[in-house]
Amino acid sequence: MKIAVIGGGPGGLYFSALMKQLDASHEITVWERNAATDTFGFGVVFSDETLGGIGSADPVVADAMSSQFARWTDIDIHVREHLHTVGGQGFAAMSRKELLLLLQRRCADLGVDLRFSTLAPPVDELSSEYDLVLACDGVNSAVRAQYADAFGPSLDVRRNKYMWLGTDQVFEAFKFFVKHTEWGVMQIHGYPYSAEGSTFIVEMSPEVWSAAGFDRTAGEAFPPGVSDEFAIERIRDIFAAELDGHEVLSNNSKWLNFTTVRNASWRHGNVVLLGDAAHTAHFSIGSGTKLAMEDALALAACLHEHSSLDASLAAYEEERRPVVESTQRAAQASLEWFENIGMYADQETTQFCFNLLTRSRRITYDNVKVRDGEFARRINAAFAAAVPAPGADAQSPAMFQPHTLRGLTLANRIVVSPMDMYSSLDGVPGDFHLTHLGSKAMGGAGLVMTEMVCVSATGRITPGCAGLYRDDQVSAWRRITEFVHEHSQAKIGVQIGHSGRKGSTRVMWEGIDVPLESGGWEVIGPSAVPYGAGSPTPRAMTRAEMEAVRDEFVAAARRAEAAGFDLLEVHAAHGYLLSSFLSPLANLRDDEYGGSLENRLRFPLEVFAAVREAWSGPLGVRISASDWHDGGNTLDEAIAIAEAFVAAGVDLLDISSGQVVKDERPAYGRSYQTPFADAIRQRVATPAGVSVLAVGAISSYDDVNSILLAGRADLCALGRTHLYDPQWTLHAAADQEYRGPGVQWPQQFAAGRRKPPSARTDAIRPRLSLLRTSELPDAVHVRWQPQLGGRVGGRVTTNA
């Protein structure tokens, strides 16, 4: 092949070297507008996984890189005069300049035509003369811009300000300096890359940046290669203690806003994007250089494996895109965490460190326990110490610590989420509900929630929905609550609501949200706006109808008390009646109940206040933290909504999202709603002493423990997980080898509380290690201490 490479960074050079190794007859030309010795940035970090790939693909490059590496396993987190060290992570870093030089040498040795200080010819000219044009021209890619219609780029410019610097201080570990200043929280991301220096990235919110005076140079346009010396001098002063007499080093250093680059396609004809031109991931989660070199390896392999260019490029994108998108999801969670770091300013420092470590959801409590068991024990102890309920102990997993809501103590933090079953007869729950809710209670959850129990016959979603609008329904529910209380340690809560414009539909398995063909009823809402295409248009409610619905909620609450429920939750989410009043997408009223958020809150708060007066026990509310649609509510509105319910006397904020309009675009993923719960807990609930329930794609006990230990929620609700395994909580206890007051096996099931063997367990293994684990050097805490090595690059030492 005849290949043109635009951009002589690590990705383009590594690709060129790999292709020449695969077939020396390839003609490869690299154009780089900068000189061979120019480089921007300081160090680059690699994972063990990436290094393994480099080692198998090109041992010459791998060996050269290995000789330059700084290696360590520790992360040091400095916060509020405390230092917490967490080990067992595994890092390797080197100078970006040294990496470029060794890749340049490798390419030259293999016969790649390298043209530095030279602009590439026009890309359309290259496309016609070469078999393949590889665009490695960075985050501001001119090639991507030229073919924007084909690539479909999305550039998400983030709000935080950051500056890439270096220091001659050689850190021994990855460093997070979280500095509380008079202007707000600033943070340093630092790591060693050689025996001479470390990367030193300064980051802060735009509000802190302005308050600290860094906006003084905001209007200046610095030429390429020129650094913002005013800002750098100010950074030296602010971080003098952290620098400890060492210098700050600059290299084209100026304030930036990180841009997350995504593209609908990475290829256009024979032109393909690679590295930052195709995608970026925030520096807090990994190295762009790492991703670019992984791209290069995958592209070279696909070109070698397939007979046509089109098949090769399709295979490359099919192989790499899932990996990149997974990294970008983690990076998105990480960058958003750092954008909001100020809301964690008052967290206990051990919990803050665990929160930081698990911010991307790629590291969990179980990961930490394997990597650094001592820190895992410390975070468990810190969590238990903060639990005011009786029965807390430092050895128990977080999910099995008790929690109290207005005098009601739950044995553990697991909640069976409300799930509509559509199996009632004329609003009356029967044997199905007894079995369904009873089995979940016997399965070990601390709290079992009913489905949405409707406050009127016309407030049902389907004819199969349960209700609390007649007295005969009370006795049916009491049969269920008495069973739960007699046969389990669980508490049982009821969620009450009104379907609003989403009512009069078929049961789920006959067509979700599909209107009834016959026997339906007129639906109501704040405005005459249907839920979506094919949905009936509701009638806008009158004031008299609103008062009648309010009274129906109150009557349902009183019946719930008579039925023996322990907790009550008002459903103000998912596009049902109260939710539709809250959303500007459904509420177009021009009276005092529409328009501003204050007005849209008015009716839901009237209902809630009336229920609060009628119900003396723990009272929760479920809200949708995002409408997932342009023009709808976002987290900012959700925070204001949560504040309003806190002021009205709520005890539990149940944070869900969406289902407000049919054409929503939710960002599904593991624990995808937890960041909403986290933000509301930090900004609203915790200061007010109110609890927060996280829900949404939480399915493993590891995720539950991680969410709780990080302080992102007080309770976790699991829905479909309990449909898959009604005894999920009991099984989670068995898997974690937990026995204690946080979960009780029914005495009839006690013989099964030890997890059955799943494979052969009677094998007797020989001893194959010379030294016992207790006699080996401490491999958990490895520091980079080149001054002890007596050679360039230093050596790895361990701290016991």
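Guide: L126 is found in helix α5 (residues 123-129); helices (H or I, at least four residues) and strands (E, at least two) are DSSP runs, numbered from the N terminus. This is a predicted model, where local features need pLDDT of at least 70, side-chain atom pairs count only at pLDDT 80 or more, and totals for chains, interfaces and linings use all residues. Residues are numbered from 1 along each chain as its sequence is written, and side-chain values use heavy atoms, with hydrogens and water left out.

Visitor: Does L126 count as buried or exposed?

Guide: The cut-offs are under 20% relative accessible area for buried, over 50% for exposed, and partly exposed in between (1.4 Å probe, protein chains only). L126 has 1% relative accessibility, so L126 counts as buried.

Visitor: Which residues is L126 in contact with, leaving aside its neighbours within four places in sequence?

Guide: Contact means heavy atoms within 4.5 Å. With those neighbours set aside, the partners of L126 are A4, I6, W31, A120, P121 and V133.

Visitor: What separates the C-alpha atoms of L126 and L357?

Guide: Along the chain, L126 and L357 are 231 residues apart. Their C-alpha atoms are separated by 45 Å.

Visitor: How many salt bridges does a search of the whole structure find?

Guide: Side chains of opposite charge can pair when their charged atoms come close. Here a salt bridge is a side-chain nitrogen of Lys or Arg within 4 Å of a carboxyl oxygen of Asp or Glu. Searching the whole structure gives 39.

Visitor: Where do R783 and E172 lie, and how many residues apart are they?

Guide: Their side chains meet in a salt bridge, N to O 3.2 Å. R783 sits in strand β30 (residues 782-784), and E172 in the loop between β10 (153-167) and β11 (174-181). The pair links distant parts of the chain, 611 residues apart.

Visitor: How many residues apart in sequence are the parts tied together by R539 and E522?

Guide: The side chains of R539 and E522 form a salt bridge at 3.1 Å, N to O. R539 lies in strand β24 (residues 539-540) and E522 in the loop between α18 (508-511) and β23 (524-525), so the pair ties together parts whose separation in sequence is 17 residues.

Visitor: Is E522 buried or exposed?

Guide: R539 is partly exposed, with a relative accessible area of 32%. E522 is at 52% relative accessibility and therefore counts as exposed.

Visitor: Where do R670 and D703 lie?

Guide: R670 forms a salt bridge with D703, with the closest N and O atoms 2.9 Å apart. The two are 33 residues apart in sequence. R670 lies in the loop between β27 (652-656) and α23 (674-688), and D703 in helix α24 (residues 701-709).

Visitor: Which residues do salt bridges that share partners join into one network?

Guide: Shared partners connect the salt bridges here. The network joins D74, D76, E172, K175 and R783.

Visitor: Are α1 and α4 roughly parallel or antiparallel?

Guide: Helix α1 (residues 10-22) and helix α4 (residues 96-110) pack at an angle of about 30°, with axes 9 Å apart. Axes are lines fitted to C-alpha atoms, for helices over the stretch in contact, and angles run from 0 to 180 degrees between N-to-C directions. Angles under 35 degrees count as roughly parallel, over 145 as roughly antiparallel, 65 to 115 as roughly perpendicular and the rest as oblique. α1 and α4 are therefore roughly parallel.

Visitor: Is the crossing of α3 and α4 left-handed or right-handed?

Guide: Helix α3 (residues 59-66) and α4 pack at about 150°, with axes 10 Å apart. That makes α3 roughly antiparallel to α4. A crossing is left-handed if the near helix is turned anticlockwise from the far one by less than a right angle, and right-handed if clockwise. The crossing of α3 and α4 is right-handed.

Visitor: What is the phi of E81?

Guide: E81 lies in the loop between β5 (75-79) and β6 (82-86). At 83% relative accessibility, E81 counts as exposed. E81 is not a glycine, yet its phi is positive, at about 70°.
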